[in-house]
Amino acid sequence: MGEDTIFNFSILEQANSLRSLVGASYMYKAEENFTEKYQMSVEKSIYSIIETYKVYEKLGIESSHSRSIFVCFLMLCEDDVVKRPQVWLNNKEIESIYNRYKRDFLFKEQIKYLLFQHQWMFRILRRFSHKIKPI
């Protein structure tokens, strides 16, 4: 997860010029058990987030997906974070990245992240989140 972004941006860094195609895209179908299939450790998620944002900054890219990257990697290591929250919470680079992009986060993501910092509240939220219907 994320290595394609890091690889692609590393290649772009070597390019002398770029062209974009209007409307060019691809479709990616995520499986329903996406987070289960791609679960990763807190350390790997932290590494992926930091490296992705380093490449963004180096290339001067401000992406509308900045918050999505952060939220996705946090979601992928959520099980490990619950077991070892200090690994995530004590990482100053993660805190800095979150503070830089938190204005782009959805309100519910900001609330979840705040709750996450208080582990007992986060555990309660996780336990009952599957029973809460989205608005």
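## The aromatic cluster

F70, W88, Y98 and F105 come together as one aromatic cluster. Keep in mind that this is a predicted model, where local features need pLDDT of at least 70, side-chain atom pairs count only at pLDDT 80 or more, and totals for chains, interfaces and linings use all residues. Residues are numbered from 1 along each chain as its sequence is written, and side-chain values use heavy atoms, with hydrogens and water left out.

Searching the whole structure turns up five aromatic pairs. One of them is F70 with Y98, a tilted pair with 5.8 Å from centre to centre and 45° between the planes. For the cut-offs, rings of Phe, Tyr and Trp (its six-membered ring) pair if their centres lie within 6.5 Å; planes under 30 degrees apart are stacked, over 60 edge-to-face, and the rest tilted. This pair ties together distant parts of the chain, with F70 in helix α4 (residues 66-76) and Y98 in helix α7 (residues 92-101), 28 residues apart. Helices here are DSSP runs (H or I, at least four residues), numbered from the N terminus.

Y98 also pairs with F105: the ring centres are 5.2 Å apart and the planes sit at 85°, so this one is edge-to-face. What about cover? Y98 is buried at 6% relative accessible area, and F105 is buried at 6% too. Buried means under 20% relative accessible area, exposed means over 50%, and partly exposed is in between (1.4 Å probe, protein chains only). F70 is buried as well.

Over in helix α3 (residues 42-59) you'll find S45, buried with a relative accessible area of 0%. Setting aside neighbours within four places in sequence, S45 touches M40, F73, L76, C77 and W88, where contact means heavy atoms within 4.5 Å.

## A nonpolar patch outside

On the surface, F107, I111 and L114 make a nonpolar patch with about 310 Å² of accessible area together. Patch members have over 30% relative accessible area and no salt bridge; nonpolar side chains (Val, Leu, Ile, Met, Phe, Trp, Tyr) are joined within 5 Å, and like charges within 9 Å. A salt bridge is a side-chain nitrogen of Lys or Arg within 4 Å of a carboxyl oxygen of Asp or Glu. Accessible areas come from the Shrake-Rupley method with a 1.4 Å probe, and for residues only the protein chains shown count as cover.

L114 lies in helix α8 (residues 107-116) and counts as partly exposed, at 47% relative accessibility.

Note on methods:
Helix = DSSP H or I, 4+ residues; strand = E, 2+ residues; numbered from the N terminus.
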